[in-house]
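Dear colleague,

Please find the structure below. My notes on it follow.

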Amino acid sequence: MTAPRLEIDLDKIHHNARTLVERLAGLGISVTGVTKASLGSADIAKVLLRAGVSALGDSRIENIEAMRSEHVAAPMVLIRSPMLSQADRVVRQADLSFNTELAVINRLSCAARAAQRTHQVVLMVELGDLREGIMPADLNDIVRAVLQLPNIVLSGIGTNLACHGGISPDADNMSELSALADSVEATFGVSLDLVSGGNSANLDWALSGVEIGRINNLRLGEAILLGCEPLHRRPIEGLHLDAITLVGEVIEAKLKPARPWGTIAQTAFGEASVVACRGDIARAILAIGHQDVDPSGLKAPIGTRILGASGDHLITQSDSNHPQVGAEIRFGLNYSALVRAMTSPFVAKVMMAATYEKPCVPVESHH
Ligand SMILES: *Cc1c(COP(=O)(O)O)cnc(C)c1O
């Protein structure tokens with residue numbers, strides 16, 4: 001089989017998604033399955049829907065269009081504020097978009113009117129992470145303006161944390177979001193269907209037994225695909241951590257010195273190569289590099305160490321089981337490595353078909 005390739009176990013993704021959907025359903029929280037890391041893969045989207053997600057969310061209209069053209073039948077949410085230049089495409093293919101700018105919502109209103117459609121918006125509120133969001137003090141003014149716009153429906157409010165400032169979702173910021181929902185409803189006499197509390201980083205908060213308040217939706221990508229929560233990158237109990245793995249192929253395997261020789265300056269990607277010891281070590285080169293993956297986000301199998309990478313080469317040291325040319329080595333991935341590999345045209349994506357049967361081996365508990 002060709003390499004490098006991502007092997008994607010759809011049953012494991014289904015298990016992860018279903019487990020989270022069920023745990024959160026008990027709290028009155030629906031799950032929007034986030035597909036942006038999977039480049040609009042219809043196979044993965046369909047597995048998420050089968051696992052019970054209430055909608056699909058993606059940050060890029062291109063991915064939503066790709067899923068639509070593959071006949072993925074679901075409410076589609078654009079979770080990044082639309083570009084003005086893409087407003088027409090957004091109202092045609094997305095049912096709902098997350099917004100922070102009145103100029104954009106105005107344009108969506110015009111585009112929706114021209115297309116004779118209704119477009120739903122969720123207003124994103126800034127609660128400290130300092131990526132997207134309307135400052136809470138400005139929310140009422142924007143709501144008032146949005147409620148006037150033809151062909152636009154205000155579906156709710158939301159927030160996003162833990163992406164730029166590293167701010168954790170907690171009882172304080174989540175109850176602030178609940179209070180804002182109550183206040184918008186009381187001020188304008190509307191009812192907000194959706195109060196979307198955040199992403200995979202909200203799971204610790206949501207599952208900790210605290211008061212959930214008005215939060216009735218989370219948008220989950222990383223936790224479903226990788227089985228861990230993004231705040232401390234700890235495994236989530238009962239989820240598979242290896243639903244997606246990367247397989248690379250060895251193109252050189254030699255005993256060579258541990259240390260480089262000659263005059264040392266910068267390397268291809270700036271960082272100096274790792275020098276561990278003296279003498280010869282078993283080095284292998286795999287045909288994977290920065291063009292395919294974020295090498296710093298790869299987890300090598302036991303007995304193999306990653307020494308460095310360039311654009312097209314990954315250099316490893318093996319302590320035992322020295323690989324031969326042509327051998328394949330399998331790596332785990334973090335989110336950064338996963339996104340780059342998923343979007344690299346050089347990395348094949350091999351889906352292991354979903355059977356939707358319970359795995360015969362029980363998932364190990366991590367506690
Ligand atoms: C990426 C993203 C998500 C999903 O984040 P994960 O950590 O993958 O769960 C949710 N909401 C927004 C606005 C996003 O950009």
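Q86 counts as buried because its relative accessibility is 12% (buried is under 20% relative accessible area, exposed over 50%, partly exposed in between, with a 1.4 Å probe and protein chains only). Q86 sits in the loop between β4 (76-78) and α4 (87-93); helices (H or I, at least four residues) and strands (E, at least two) are DSSP runs, numbered from the N terminus. Apart from neighbours within four places in sequence, Q86 is in contact with I61 and E62, where contact means heavy atoms within 4.5 Å.

This is a predicted model, in which local features need pLDDT of at least 70 and side-chain atom pairs count only at pLDDT 80 or more, while totals for chains, interfaces and linings use all residues. Residues are numbered from 1 along each chain as its sequence is written, and side-chain values use heavy atoms, with hydrogens and water left out.

The count of salt bridges is 17, a salt bridge being a side-chain nitrogen of Lys or Arg within 4 Å of a carboxyl oxygen of Asp or Glu. One of them joins R68 and D95 at 2.9 Å, N to O. This pair links distant parts of the chain, with R68 in helix α3 (residues 61-69) and D95 in the loop between α4 and β5 (96-99), 27 residues apart. R68 is partly exposed at 24% relative accessibility, and D95 is partly exposed at 25%.

Another salt bridge pairs R234 with E229 (4.0 Å, N to O). E229 is buried, at 2% relative accessible area, whereas R234 is partly exposed at 45%.
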